[in-house]
Structures are given as structure tokens and as C-alpha cells.
Amino acid sequence: IPPAISRATALAAFRFMCGLCGILEFNAASARDNAPLIQQMNAALRHRGPDDEGTLCDGAIALGHRRLSVIDLSRNGRQPMSNEDGTVFIVYNGEVYNFRELRAEHRLDEKGHVFRSQTDTEVLLHLYEELGPQMAAQLVGMFAIAIWDARRSELHLIRDRYGIKPLFYHVQDERLLFASEIKSILLDSSVSRRLNRQALHDYLTLNYVPGTQTIFDEIHHVPPAHWMTVRPDGGVTCQRYWDLRFDVDESIDETRAVSRIQELLEQAVRRRLLSDLPVGVLLSGGMD
């Protein structure tokens, strides 16, 4: 790495990530003090975000976040981040490339939303206030998002279309835990470490683990292109917001196809150059 490239830039280039974790108690009236556990869970994710950290414990919910600063490097981008009246909170890993377009398209400023940063995180927060978890269908990027809506007592876990960003969860009788990495969830001693033999068989047979299962029997991941809503009464629903479709257009000839591919490639690269840090490029596989 050239000396001119800072440590933060190198981390952004090679490990573009943040880390998030959380605990939702299903019985808020008897919610235990989760501050020590959420701090331990968050500390286990330090390598994902060395620039900043934050935790929140409020009634039924506890949230943690480790930040790798890429957009708006100031402390205004600290998470967990809340809306103006502290009724909606977000922790988020990834980058939404079209956040500025979404801010303008939905006229978030004109509708009275107050922005304290230039982050994509805050756009997601206010966009949720307008659209709910259905906003996921409009996001272009790679992301794992957790939103706690205290007004409705709902937790929304949202994962990007292709599952680029990880998001694991474990459901008990009394609470749900989630995190960017399984080892963070395992810090709760009550979580079973029982081996998922089917997942092991699938991995050895297919070289990957299909579905939502993991190597641990009681830990799963949120499916790609889905949002999962969890309520303190233990109710869990999961909904798909996007699907990959192959529609044949016979009117497109080779010349138009080549031109369109070039256009889409340039657009994809341009979007990924959005950063408040110096940007480097890594190419895997070569181009013909």
C-alpha cells in the first residue's frame, strides 16, 4: 500500500464494511439490562469498523454499531442514529449508491425532515419514515439494515438483493439477537452451539449452504432481497421485495446489447466511486 494511502482508506478498500448487532426483548415490561451484552457483542465486531462505535439500550431494544467511515467522515454519522424525535433508530452496514437521488426524488427536505449529516444512513432513516420497510425495493447498493420503530414496536431487518452484506439472527422464547457475524451472537451463553448436520452435509456436498441455515442449528440469516419484521410479542414475518427476472426482448440486436452493457458497466463503476476517502480499484477475474 503506498504511504499516501491512510489506514482508514486501506480498510475501506479491502474490508468495506461496518458491523451491527442488536437484542430485542419480547417482553418489554421485564426487559433485562442488556447493556453489558450489547457492548460485548459490539466489541466482537471491532475489526469491521475501527473508526467509531455506538450502543443504545432503550426498553425492549438494544443496538450496537461499529463504523468504518466512508460517507461524511464527521461524528454526525455516528450510529445508532435516530430521527428528530427519537422514535426511530437505525444501524446499518454497507452503502446505498442512489441515496442522494432518493433524497431528492422523495423531497425529504421539503417534507420537513431535518438532516444533521450528509450520510446515506440518514436518508434511509427518513425514507423509512415515509415508506416503511417497503423502501428496500428502491435501494441500489449493498446493505444490511436494522430499524427499530418505537412507535409501532417493530424491528425491521433488511438485506440487499444478492446478500452481499451478512445479517444473522437467533430467536429464543424471550428475545431475538442479530448481528453481522455469528460470533457476536454466540457471546450470549444461552445460545445453543448445536451443530446443524444438514448444513454441514450441504456444505461438503455443494460447497455452500443453501437457504437460511448456518452451521449452527439455531442461528439463521435473513434471506437476500427480503425484509424481516419482528414484534415484541414474538411475531416474525419475512417478505421478499425483489426477484431476479429474465425477460427476453427480441428487438435488441447485438449492437444495441453491446452498447447497453457498456452503459450499465460505466454506471455501476461510477456509483461505486462515491466516497469521502481516496478510492482504489481492485479487479478480479479479468476482462475480455
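Which residue in β6 is the bridge partner of Val88? In this predicted model, the β6 partner of Val88 is Asp149.

Strands pair through backbone hydrogen bonds, in either a parallel or an antiparallel sense. Here six strands make up an open sheet, ordered β4-β5-β6-β7-β11-β12, with antiparallel pairing. The edges are held by β4 (81-82) and β12; each has a single partner strand, so one side of each lacks a neighbour in the sheet. Helix α4 lies across β4, β5, β6 and β7, and runs at about 130° to β5.

In soluble globular proteins, nonpolar side chains tend to be buried together. The largest nonpolar core in this model has 27 residues, and those touching the most other members are Ile90, Leu124, Leu139, Phe143, Ile145 and Ile158. Two or more residues each come from β5 (88-96), α3 (99-105), α4 (120-131) and β6 (141-149). Helix α4 gives the largest share, five residues. Leaving aside neighbours within four places in sequence, Leu124 is in contact with Ile90, Tyr92, Val96, Met135, Leu139 and Ile145. Another core lies apart from this one and has 21 residues, including Phe26, Leu56, Leu167 and Met228.

**Strand β1**

Is strand β1 buried or exposed? Seven of its seven residues (19-25) are buried, so β1 is largely enclosed by the rest of the structure. In a regular strand, side chains alternate between the two faces of the sheet. On one side of β1 the buried residues are Gly19, Cys21, Ile23 and Glu25, and on the other they are Leu20, Gly22 and Leu24.

| Partner of β1 | Bridges | Direction |
|---|---|---|
| β3 (residues 61-67) | six bridges | antiparallel |
| β9 (residues 175-179) | five bridges | antiparallel |

Within these pairings, Ile23 stands opposite Ala62 in β3, and Glu25 is opposite Arg175 in β9.

**Aromatic rings**

The model has one aromatic pair. Tyr162 and Trp242 form this pair edge-to-face, with 5.4 Å from centre to centre and 70° between the planes. Tyr162 sits in the loop between β7 (154-159) and β8 (168-171), and Trp242 in the loop between β12 (236-240) and α7 (254-272), so the pair ties together parts 80 residues apart in sequence. Tyr162 counts as exposed, at 56% relative accessibility. Elsewhere, Arg103 lies over the face of Phe115, 3.7 Å from the ring centre.

How values were computed:
Residues numbered from 1 in each chain as written. Heavy atoms only, no water. Phe/Tyr/Trp six-rings, centres within 6.5 Å; stacked < 30°, edge-to-face > 60°. Helix = DSSP H or I, 4+ residues; strand = E, 2+ residues; numbered from the N terminus. Buried < 20%, exposed > 50% of the residue type's maximum accessible area, 1.4 Å probe, protein only. Lys NZ or Arg CZ within 6 Å of the ring centre and 35° of its normal. Core = buried A, V, L, I, M, F, W, Y, C linked by side-chain atoms within 4.5 Å. Contact = heavy atoms within 4.5 Å. Pairing = 2+ DSSP bridges. Axes fitted to C-alpha atoms, helices over the stretch in contact; angles between N-to-C directions.
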